[in-house]
Amino acid sequence: MADTTHSHPSHPPTKKWKIDKAWVTILLIPAVLAVFAPAEVWPMITFALTALMHTAPFILFAILAVAYLKATGAENLLARAFEGREVRMIALAAFAGGLSPFCSCEVIPFIAALLAVGAPLSAVMAFWLSSPLMDPAMFAITAGTLGSGFAIAKAAAAISIGLFGGFTVRAFAKTALFADPLKNAPVSSCCASSGCGTGSGADVYSGDVNWKFWHQAHRRQTFRDTALENMLFLSKWLLLAYMIEALMLRYVPAEMVAQVLGGSGIGPILLGALVGAPAYLNGYAAVPMVAALLEQGMSNGAAMSFVIAGGVSCIPAAIAVWALVKPRVFAAYLGLAMIGAVIAGLAWGAIA
């Protein structure tokens, strides 16, 4: 007997295309400029493309370096920073954060897994503070645009701020400020059950590192996907940043920048830290912006405080902390970052 019931086939959900605001802005800038100052369109585009090509070798190195770390699973070694005595954990976490290739999204499941297995908040804070400030890609691009001295100083500042934050939390761990810090205590299987992707906390504890990744198909695929993703990401943000740099050099009076953010003393450094948070696009786009401001008279100390404060307080990095801890701990995170940014600015301003 024939089956007369009809079952409607299940259709896969329609893929929703998300508008990338960065690309939209890249298209809007020359369009708006063509209306109000058509003579400036081509010089702006030429400046941006020339700067992008100048940075291309550093971008390529950064893309390949991050893709290699992902494909080999070398980021799994970061888990070792959170093993052993607390003082050792803080130190290793600060160094690991300053060198890790994690983006701000990937750090959330990673930290959740660490907190779930009992890693102390002091070590986690050290990692949280240093992680958004420097990674291999950011170091290469910063060195190529602002010089190796600035890149090394920023890396040192990232690690130092991580140490400062970690040991501060350790010293006040028993106070009400850091008592019961988590919004919702994560369970140890959170990442495994939710299917976190490459770089999640679950992967970190697998310890599976293969330096010759090309022998395995899935690792080769990870290398290709990571390289393509980072190429599009870096190209997009740097192109936008260089376009903004061109407009800043053309329309922002150098005298005003020099007057507000130039000179010596703590004033410009404090202002650089305060301006860093709202003005920060991301770590990569900030580099050309800082280069333009330095050319127009921004002091070296203010430039360093700008990139440090902005890096920690930018939306992706801040969300990574806000998602897991209570507001008072989040406020402490921002406060430690601002203090560290000012100290870094004063130090760099004294030696640069």
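In this predicted model, A140 is found in helix α6, where the residue is buried, with a relative accessible area of 6%. The C-alpha atom of A140 is separated by 7.9 Å from that of A151, a residue 11 positions away along the chain.

At the start of the helix, a side-chain oxygen of D135 reaches to within 2.7 Å of the backbone nitrogen of M138. D135 itself is placed in the loop between α5 (121–130) and α6 (136–146), and is buried without having a salt bridge, the nearest side chain of opposite charge being that of K154, 8.2 Å away. At the other end, α6 is followed by G147, whose phi is positive, near 100°.

S122 is found in helix α5 and is buried, with a relative accessible area of 2%; S122 and A171 are 49 residues apart in sequence, while their C-alpha atoms lie 8.9 Å apart in space. S305, in helix α14 (residues 300–313), counts as buried at 0% relative accessibility, and a polar atom of its side chain lies 3.0 Å from the backbone oxygen of A302.

The structure holds 3 salt bridges. In one of them, the side chains of E40 and R250 meet at 3.2 Å, N to O. This pair links distant parts of the chain, with E40 in the loop between α1 and α2 (41–72) and R250 in helix α10, 210 residues apart; R250 is partly exposed, with a relative accessible area of 46%.

A further salt bridge joins the side chains of R170 and E86, with an N to O distance of 3.6 Å. Here too distant parts of the chain are linked, R170 belonging to helix α7 and E86 to helix α3 (residues 86–99), 84 residues apart. R170 counts as partly exposed at 39% relative accessibility, and E86 is likewise partly exposed, with a relative accessible area of 26%.

K326 forms a salt bridge with D180, the closest N and O atoms being 2.7 Å apart. Because K326 lies in the loop between α15 (315–322) and α16 (327–351) and D180 in the loop between α7 and α8, this pair ties together parts that are 146 residues apart in sequence. K326 counts as partly exposed at 22% relative accessibility, whereas D180 counts as exposed at 53%.

Turning to the pockets, the second largest pocket has a volume of about 230 Å³ and is lined by K18, I19, D20, K21, A22, K236 and W237. Helices α1 (21–36) and α10 (217–251) each supply at least two residues of this lining. By class, the lining of the second largest pocket has 3 nonpolar and 4 charged residues, with no polar residue present.

Notes
Residues numbered from 1 in each chain as written. Predicted model: local features only at pLDDT ≥ 70, side-chain atom pairs only at ≥ 80, totals over all residues. Heavy atoms only, no water. Helix = DSSP H or I, 4+ residues; strand = E, 2+ residues; numbered from the N terminus. Buried < 20%, exposed > 50% of the residue type's maximum accessible area, 1.4 Å probe, protein only. Lys, Arg positive; Asp, Glu negative; His and termini not counted. Salt bridge = Lys/Arg side-chain N within 4 Å of Asp/Glu carboxyl O. 1 Å grid on protein atoms, 1.4 Å probe; cavity = no way out; pocket = protein on both sides within 12 Å on 5 of 7 lines; lining within 4 Å. Points joined across faces, edges and corners; volume = space filled by probe spheres on them. Nonpolar A, V, L, I, M, F, W, Y, C, P; charged D, E, K, R; others polar. Polar contact = N/O pair within 3.5 Å; in protein donor to acceptor, adjacent residues only side chain to side chain.
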